[in-house]
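Please read it with the structure open.

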Amino acid sequence: MKPDNRIIKVAPTVSATAYAANDIVGGRIALGPVTVPSKLQSVTIIDRSAQAAALEIILLEKAPTASTITDNAAPVWNAAEVDNIVARIPVAAGDYAAAINGVRVANLSNLQRMVKGTDLTAILVTSGTPTYALNALTIKFGIEP
């Protein structure tokens with residue numbers, strides 16, 4: 001019997017002002033507990049502002065508390081929390097499909113990244129300079145136990 005996939009859908013709170021390269025997009029994004037080692041199989045990004053910005057998704061097993069993770073600012077990592085990183089997923093501008101009705105979608109599949117965490121957390125960092133509409137992003141993480 002094939003295991004059921006779990007889709008974790010989040011809508012980070014993004015600013016309606018321009019981001020600079022290496023800024024965090026949406027602050028700390030709580031994904032909840034993933035208590036058994038699981039495979040992150042896919043990530044889908046729905047961008048209603050059609051920015052198609054290159055992003056780096058950093059997943060941590062615990063929410064950072066000593067680092068400064070603020071929307072529209074560069075991250076300031078506490079050295080002790082860097083060990084909590086469990087995966088890094090690059091999203092290139094070319095990963096987004098052509099805009100349909102002003103929406104761009106990136107779908108990364110077959111990622112095969114092992115994740116586990118008491119408070120699995122995602123942090124998005126842009127290498128571009130997008131300007132999103134307020135709350136224009138939705139991200140879906142496909143996790144297979």
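**Notes on the model**

1. The protein chain has 0 helices and 7 strands. Read along the sequence, the pattern is β-β-β-β-β-β-β. Helices (H or I, at least four residues) and strands (E, at least two) are DSSP runs, numbered from the N terminus.

2. On provenance: this is a predicted model, in which local features need pLDDT of at least 70 and side-chain atom pairs count only at pLDDT 80 or more, while totals for chains, interfaces and linings use all residues. Residues are numbered from 1 along each chain as its sequence is written, and side-chain values use heavy atoms, with hydrogens and water left out.

3. Overall dimensions come next. The C-alpha trace of the protein chain spans about 40 × 40 × 20 Å along its principal axes. The radius of gyration is 15 Å, which agrees with the value near 15 Å for a compact globule of 145 residues. That radius is taken over C-alpha atoms, and the globule rule is 2.2 Å times the number of residues to the power 0.38.

4. Of the 145 residues in the protein chain, 46% are buried. Buried means under 20% relative accessible area, exposed over 50%, and partly exposed in between (1.4 Å probe, protein chains only). The protein chain exposes about 7100 Å², and carbon and sulfur atoms supply 53% of that area. Accessible areas come from the Shrake-Rupley method with a 1.4 Å probe; for residues, only the protein chains shown count as cover.

5. Among contacts in the protein chain with a separation of 6 or more, 84% are between residues 24 or more positions apart. Contact means heavy atoms within 4.5 Å.

6. Ser42 is found in strand E2 and counts as buried because its relative accessibility is 18%. Leaving aside neighbours within four places in sequence, Ser42 is in contact with Leu108, Ser109, Leu111, Lys140, Phe141 and Gly142. Ile46 also lies in strand E2 and is buried, at 19% relative accessibility. With neighbours within four places again left aside, the contacts of Ile46 include Val103, Arg104, Val105, Leu137 and Thr138. Ile46 and Ala87 are 41 residues apart in sequence, and their C-alpha atoms are 21 Å apart in space.

7. How many aromatic pairs does the structure hold? There is 1 aromatic pair. Tyr19 and Tyr132 form it edge-to-face, at 5.8 Å centre to centre and with 70° between the planes. The pair links distant parts of the chain, 113 residues apart: Tyr19 is in the loop between strand E1 (6-10) and strand E2 (24-47), and Tyr132 in the loop between strand E6 (113-126) and strand E7 (137-144). Rings of Phe, Tyr and Trp (its six-membered ring) pair if their centres lie within 6.5 Å; planes under 30 degrees apart count as stacked, over 60 as edge-to-face and the rest as tilted. Tyr19 is buried at 3% relative accessibility, and Tyr132 is buried at 1%.

8. Backbone points to look at: most residues other than glycine have a negative phi. Ala50 has a positive phi, near 55°. Ala50 sits in the loop between E2 and strand E3 (55-60) and is partly exposed, at 27% relative accessibility. Asn101 has a positive phi near 55°. Asn101 is in the loop between strand E4 (85-91) and strand E5 (104-108) and is exposed, with a relative accessible area of 79%.
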